[in-house]
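Trainee: Could we go through this one slowly, asking what each label rests on?
Mentor: Gladly, let's begin.

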Amino acid sequence: MNEFRKRFERFCLRNRDKGLPNLMLVIAIGNVIVYFLSMIDPSNVVYSWLCFSRSAILRGQIWRLFTYIFTYLCDSAGMYLFLAVVAMFCYYQFGRILEQYWGTLRFNLYYLTGIVLTDIAALLLGYPATAGAMNLSLFLAVATIAPEATVRLMFILPLKMKWLAWVYLGFAAWDVITYLLRFGFLTFFWLYPLVPLLNYFLFFGGDVKNLLPASMRYRRPKQPKTHARPNPNWASGYHSKSGEKPYRHKCTVCGRTDTDYPNLEFRYCSKCNGYYCYCIDHINNHAHIQ
């Protein structure tokens with residue numbers, strides 16, 4: 001699995017600029033257009049042809065597998081519409097961050113994988129697909145890339161991304177429990193809130209640990225306890241390839257070194273043309289090198 005992930009990352013890096021640029025901007029503009037068209041047309045013909053419908057898809061209207069991402073604003077009303085507009089703006093910002101960090105291709109694949117997984121879950125479970133949970137996976141991705149970044153909740157309260165991510169995971173767990181209590185285990189509706197998490201785990205894998213506190217994120221491997229003591233005479237047992245022990249001073253005439261003769265005194269000749277060392281026996285009795 002690690003080898004496949006490395007190949008995938010290299011492929012995305014080589015084709016970084018391929019794909020549809022500014023994908024979230026296109027989706028945001030599409031949502032605004034569909035919303036205004038729905039406001040102009042009371043019969044909601046545009047919305048009825050773009051929203052997710054399992055029965056219509058099985059009849060051959062396969063475009064609904066993708067076009068429901070443009071009905072996010074239409075699925076909200078009243079005060080929830082204002083929150084949906086704010087959320088769409090945030091998702092646009094998250095998309096820009098991910099596209100700049102990953103590249104166009106990898107971000108397109110991330111969002112496309114979320115759409116495909118949501119479609120499969122909706123078709124199998126018979127639950128209407130929406131873009132809300134899928135867009136939240138963008139938030140989880142940004143929180144994993146920059147867990148220490150600070151955002152202002154409702155433009156007022158500063159909070160770190162990783163804590164907001166844990167809040168979202170808590171709500172996802174609550175949704176799972178709610179579906180279990182309302183529909184039962186065998187309906188498998190409780191799997192639907194986990195679909196965007198599946199997309200998130202597919203792309204991030206072990207990087208999910210970035211959401212954990214630093215004390216839990218980095219742990220040094222335990223080192224085996226040893227009672228070995230440092231050896232100050234380690235050099236005495238060492239030999240180079242030529243069989244010679246390491247030294248600091250070596251007599252140019254006799255070849256004796258301070259390693260073999262630690263009590264021997266060494267000097268350097270100022271009359272020799274170079275940096276030549278001699279022991280105390282040859283410092284005054286040698287031919288100067290010119």
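Mentor: A residue is called buried under 20% relative accessible area, exposed over 50%, and partly exposed in between, using a 1.4 Å probe and protein chains only. The model is predicted, so local features need pLDDT of at least 70 and side-chain atom pairs pLDDT 80 or more, while totals for chains, interfaces and linings use all residues. Numbering runs from 1 along each chain as its sequence is written, and side-chain values use heavy atoms, without hydrogens and water.

Trainee: Why is Asn22 called partly exposed?
Mentor: Its relative accessible area is 43%. Asn22 sits in the loop between α1 (2-14) and α2 (23-40); helices are DSSP runs of H or I with at least four residues, strands are E runs of at least two, and both are numbered from the N terminus.

Trainee: What phi does Asn22 have?
Mentor: Its phi is positive, about 55 degrees, although Asn22 is not a glycine. Most residues other than glycine have a negative phi. Asn44, in the loop between α2 and α3 (45-50), also has a positive phi of about 55 degrees without being a glycine. With 33% relative accessibility, Asn44 is partly exposed as well.

Trainee: How many helices and strands does the protein chain have?
Mentor: There are 11 helices and 4 strands. Of the 290 residues, 34% count as buried.

Trainee: What makes helix α10 largely enclosed?
Mentor: In α10 (residues 195-204), 7 of the 10 residues are buried, so the rest of the structure largely encloses this helix. The buried ones are Val195, Pro196, Leu197, Asn199, Tyr200, Phe203 and Phe204. Just after the helix, Gly205 takes a positive phi of about 55 degrees.

Trainee: How do you know that Tyr200 and Phe204 form an aromatic pair, and what kind is it?
Mentor: Rings of Phe, Tyr and Trp (its six-membered ring) pair if their centres lie within 6.5 Å; planes under 30 degrees apart are stacked, over 60 edge-to-face, and the rest tilted. Tyr200 and Phe204 have centres 5.0 Å apart and planes at 40 degrees, so they make a tilted pair. Both residues lie in α10, 4 residues apart, about one turn of the helix. Tyr200 has a relative accessible area of 2%, so it is buried, and Phe204, at 5%, is buried too. They also belong to a cluster linked by ring pairs, together with Phe8, Trp102, Tyr110, Phe201 and Phe203.

Trainee: How many aromatic pairs does the structure hold?
Mentor: There are 14. Tyr72 lies in the loop between α5 (64-67) and α6 (79-102) and Tyr91 in α6, so the pair ties together parts 19 residues apart in sequence. Both Tyr72 and Tyr91 are buried.

Trainee: What makes Asp281 and Arg256 a salt bridge?
Mentor: The term asks for a side-chain nitrogen of Lys or Arg within 4 Å of a carboxyl oxygen of Asp or Glu. Here the N to O distance is 2.7 Å, so the pair qualifies. It links distant parts of the chain, 25 residues apart: Asp281 in the segment after β4 (277-279), and Arg256 in the loop between α11 (214-217) and β3 (266-268). Asp281 is partly exposed at 47%, as is Arg256 at 22%. The structure holds 2 salt bridges; Glu265 and Arg267 also form one, at 1.9 Å.

Trainee: How do you know that Asp119 has no salt bridge?
Mentor: Its nearest side chain of opposite charge, Arg64, is 11 Å away, beyond the salt-bridge limit. For charges, Lys and Arg count as positive and Asp and Glu as negative, with His and the chain ends not counted. Asp119 is buried, in helix α7 (residues 104-125). Leaving aside neighbours within four places in sequence, Asp119 is in contact (heavy atoms within 4.5 Å) with Phe52, Leu65 and Tyr68.
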